[in-house]
Amino acid sequence: MVDSIPMAQIQTSIDRERDLTILTLTGPVAAADVVGALRDFYAGPCTAKALWDFTGSDLHAAKMTDLAAVLAAAKTLATRRAGGKTALVVPSDLGFGMARMYESMAELKNHPVGHGVFRNQEDALHWLAAPVEPD
């Protein structure tokens with residue numbers, strides 16, 4: 001018998017008017033889930049803004065090596081969205097802390113897309129709608 005590994009469910013919605021893709025993750029999330037969703041996102045005509053909503057997800061198994069793997073994949077693909085913005089919505093304390101670490105790592109690695117971490121979608125959407133501030 002083969003053990004099944006639970007995977008995150010990822011729902012994607014695109015709002016062309018706002019140049020925004022919302023990816024909603026539910027269930028246990030593994031780095032491979034996020035990397036797969038990144039590849040799918042960049043495979044087509046991607047939007048300048050992305051919102052990753054982890055509100056209904058389980059990030060308890062996440063490790064620093066997972067953050068590094070996701071960041072490496074994201075940075076490689078993100079040249080198509082240079083100057084874009086990505087918001088991470090993570091209401092849980094554990095997930096919020098992990099997302100803030102990801103945000104810091106992305107900045108240190110000169111990721112071409114800006115990142116923001118929020119506890120709710122309303123704040124994330126407000127940040128995404130604001131003009132990009134020059135460095």
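Me: Before anything else, what do left-handed and right-handed mean for a helix crossing?
Reply: A crossing is left-handed if the near helix is turned anticlockwise from the far one by less than a right angle, and right-handed if clockwise. In this predicted model, α2 passes α3 in a right-handed crossing.

Me: At what angle do α2 and α3 cross, and how far apart are the axes?
Reply: The crossing angle is roughly 45 degrees, and the axes of α2 and α3 come within 10 Å. That makes α2 oblique to α3.

Me: Which residues make that contact?
Reply: From α2 there are Met64, Leu67, Ala68, Val70, Leu71 and Ala74. From α3 there are Met98, Met101, Tyr102, Met105 and Ala106.

Me: How many of those are nonpolar, polar or charged?
Reply: The contact of α2 with α3 has 11 nonpolar residues, no polar and no charged.

Me: And α1 with α2, what is the angle there?
Reply: About 10 degrees, with the axes of α1 (residues 31–43) and α2 (residues 64–77) 9 Å apart.

Me: Which residues of α1 and α2 meet?
Reply: On the α1 side they are Ala31, Val34, Val35, Leu38, Arg39 and Tyr42. On the α2 side they are Asp66, Ala69, Val70, Ala73, Ala74 and Leu77. By class, this contact has 10 nonpolar, no polar and two charged residues.

Me: Switching to the sheet. In what order do the strands sit?
Reply: The order is β1-β2-β3-β4-β5, in an open sheet of five strands with mixed pairing. At the edges are β1 (9–15) and β5 (114–118), each of which pairs on one side only. On average, neighbouring strands are turned by 15 degrees against each other, direction ignored.

Me: Where does α1 pack on the sheet?
Reply: Helix α1 touches β1, β2 and β3, and its direction makes about 155 degrees with that of β3.

Me: What about α3?
Reply: Helix α3 (residues 93–108) lies across β4 (85–89) and β5, and runs at about 165 degrees to β5.

Me: Back to the strands. In which sense do β2 and β3 pair, parallel or antiparallel?
Reply: Parallel, over eight bridges between β2 (residues 20–28) and β3 (residues 49–58). Threonine 21 stands opposite alanine 50 in β3, and threonine 26 has glycine 56 of β3 as its bridge partner.

Me: How many bridges join β3 and β4?
Reply: Five, and the pairing of β3 with β4 is in the parallel sense. The bridge partner of aspartate 53 is valine 89 in β4.

Me: Which helix makes a β-α-β unit with β2 and β3?
Reply: Helix α1, and the unit it makes with β2 and β3 is right-handed. Next, β3, α2 and β4 make a right-handed β-α-β unit.

Terms used:
Residues numbered from 1 in each chain as written. Predicted model: local features only at pLDDT ≥ 70, side-chain atom pairs only at ≥ 80, totals over all residues. Heavy atoms only, no water. Pairing = 2+ DSSP bridges. Helix = DSSP H or I, 4+ residues; strand = E, 2+ residues; numbered from the N terminus. Axes fitted to C-alpha atoms, helices over the stretch in contact; angles between N-to-C directions. Contact = heavy atoms within 4.5 Å. Nonpolar A, V, L, I, M, F, W, Y, C, P; charged D, E, K, R; others polar. Parallel < 35°, antiparallel > 145°, perpendicular 65-115°, else oblique. Right-handed = clockwise from strand over helix to strand, strands pointing away.
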